[in-house]
Amino acid sequence: MKTQLKRYNILTLGFLLFFSSLAFAIDVKELKCNSKINPTGIVNAIPEFSWTFIGDEKSSKQGGYRICMATSIEKLKYPDVWDTGPTSTSETGPFKYSGAPLKSGQRIYWKVIVWGNNRGAKHSEPAWFEMGDIINPETPFQPNVFPKTKGVVQIKLNGNDKGRTFEGIGGVSAGASTDLLYDYEDPIKSQILDVLFKPKFGAGFQHLKVEMGGGENSTCGSEPSHAITREELKNPVSRGYEFWLMKEAKNRNPNVILEYLPWSFPAYLKPNIFTQESAEYFVSFLDVAKNQWGMNIDWVAAAENENGTNRDWLVNQVRPLLDARGYKNVKIQGPDDNSGDWKIFNEFEKDKVFDNVVEAVGYHYVTGREFNENMVDGRGRPTTKKAKNSGKPLWASEDWSWTGKDWGGAGALNLARMYNKFYIRDRITKTLIWAPIGSIYKSVTWDKAGAMKANSPWSGYYEVWPTIWATAHTTQFAEPENWHYLNSACGLFDGATYKGSSVALKEKNGTNWSMIICTENQEDIEVIIEEGLSLGTVSIWKSDKNEQFVKQESIVPKNGVIRFSLDPKAIYSLTTTTGQQKGTYKIPKETAFPFPYKENYEDRKVGDLPKYHSDQTGSFEIAFKDDGSQCLKQIIPEQGYDWMRVYRRSNIKPNTLVGDVNWENYTCKVDVFIDGGNVELGGRVKGSYLKGYRFQVAKNGNWKLMFNKEVIKEGSISNFDGNKWHSLKLTFQNKEIEAFVDEVSVVNVSHKKTKGYVVLATSYDENLFDNLEITTNNK
């Protein structure tokens, strides 16, 4: 046991550091199964689990938990038995088991991760329990496995076969993942959008979920809110790029399905986000879409991302308000949670009103978060029998979250396998991935995520990654609502893995059919086409590591049968439809961020986003100065309701990045007007958390020079007039850092030689910035 614990500690060091970046005194002890510590002889198929939470002065109560269970201590990192995912509750049990069916005589290892109610995490030591002879053991799910005759896989397609309606493949634009795409110039911008949304051209995403921004960091940055104050809620404002993105998707595909979901919320909605006022906030987003963009949105995920929803709020406030405001056709999806094991169906069973209000059920990371080639075989959070038997649409409403550049590992091939798995195992008919495109500055959180990349708007350069074409293998061969699956033709080549699979779909009002096949090994296949399906020419498209989405030689069925061989580790699409293509454009060469750089904020309209800036917290937009010229303004009046506030790191204060992460020796300068609090000019900043040099000046003239959160030097400027514009300047030359106010040197230190972006930061005040200049040093 001690040897196993030692290996476990080595394996999970990185995982522990992720959740415990700071030392906290909170603790979690006395892990109990059926009220006993490390019991043996458990005979009930659904044991219960509890623990003791010990708080400290900072976090007196538990803010959330995560239970992990696995068949070995090593596998607790990626649990293969049960993983609740992170939850937000002060309860410490008992919680009923909801994992894979347990076996008699089986030993299960488990641990609990807890969060205090004011950030900070603690991992328990591993515990275990051992099953006896289980009374009424549960039967594990067995996927359909295709028969083989003399080594040839046989798949029968029958037009009368029953199956669920295909609801589409989509993307989630959220967490500021689409940030820099907005800054591209046409025609390049339009070409990128074609690759994302134009049917039968590129990825052809059929569903677009966007973030309803709240002005706080939501993963890779912050997205602005349409109503930052109660007063503004009466006349909501179109801000940011998500309305624009939905409109562009709609322009390319009038049938694209639109949805929205919040991560954070403005301060006036704190502390309870499930109120009548928050219902108004949700519905006013639809008003902006309809009245200012001429768009009808199809779905609202009436929840907080990965933090669940509230039954009474949905039934008594959200649905009635949607109906009263003319949005009866807008459907509610929920709980859009990262935990819960599809338990919402237990509530539906007892509450038909709630059941009727929620028209689709979505959960996140249904296959787990093991980002390697085994991800597709991860247990994750499989749907339950109740979920499948309900007949309600089931969605993987955010999944994958990896880099589309890779073919192997967790990349493109893995994602195509997941699309198939979700129907074969879970009867999930819609999968949404985060993110459809990675338009994020380098070194910012999750900067490599996305099905494709576009983070160089100044050059027009972008990359179309293999994952675009892995997605096209489904989206270009079936249309949402108009196609349905053929259940008996959806299965695996080997019952031990989801790496080799095939799904088949049929056009509802026709005889056309399609198959999407993923392989792990070389396979010989025979497809038998039975009644109700076209016997016309079958087109074949193939992707592998070397080349993606290449049309192969077509096949004409003979006596209703086609036979061919499949290469290993490949994706194939077979179809009787036509019109598929691998859309391409000439991509400009990549160039570095322009240097030297100047920005006077005059080239965009008031209320728009500033070019090439990336808000990490707060919201910065173009505004008028008293003289009628334009500047940059931070508009969030106070800290909002922060997403994942219990166990995510704080982003400190409103700030926006601009430039190149590789900049080293340079001078940056900006004019500021301090309406209240303080402002900062930073340099050599990396990532989302203000890691770098920061020169802060307050309205009263007090100043600080900081590196990360450390104050290097501080002081006060005599006779400082806080009611006037001032100029701040920082110079970096190797280890020498010097700060100026109105061209007068305030502090000069020798510290560290680092690299990074320029940052503009401020307290939660309506402070102004203008005439940003980034140049070479004069020394």
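**A covered strand and the cysteines**

Strand β12, residues 168–173, is mostly covered, with 6 of its 6 residues buried; buried means under 20% relative accessible area, computed with a 1.4 Å probe on protein chains only. Strands here are DSSP runs of E of at least two residues, helices are runs of H or I of at least four, and both are numbered from the N terminus. The model is predicted, so local features need pLDDT of at least 70 and side-chain atom pairs count only at pLDDT 80 or more, while totals for chains, interfaces and linings use all residues. Residues are numbered from 1 along each chain as its sequence is written, and side-chain values use heavy atoms, with hydrogens and water left out.

From β12, Gly 168, Gly 170 and Val 172 point one way, and Ile 169, Gly 171 and Ser 173 point the other way; all are buried. Two strands pair if DSSP finds at least two bridges between them. β12 pairs in the parallel sense with strand β19 (residues 430–434) over 4 bridges, and there Gly 168 stands opposite Lys 430. β12 also runs parallel to strand β13 (residues 207–212), joined to it by 4 bridges, with Val 172 having Lys 209 as its bridge partner. Between β12 and β13 the chain passes through helix α3 (residues 188–197) in a right-handed β-α-β crossover: with the strands pointing away from the viewer, the path from the first strand over the helix to the second runs clockwise.

The model has 0 disulfides, a disulfide being a pair of cysteine sulfur atoms within 2.5 Å. For Cys 33, the nearest cysteine sulfur, that of Cys 68, is 16 Å away. Cys 33 is buried, at 1% relative accessibility.

Conventions:
Buried means under 20% relative accessible area, exposed over 50%, partly exposed in between (1.4 Å probe, protein chains only).
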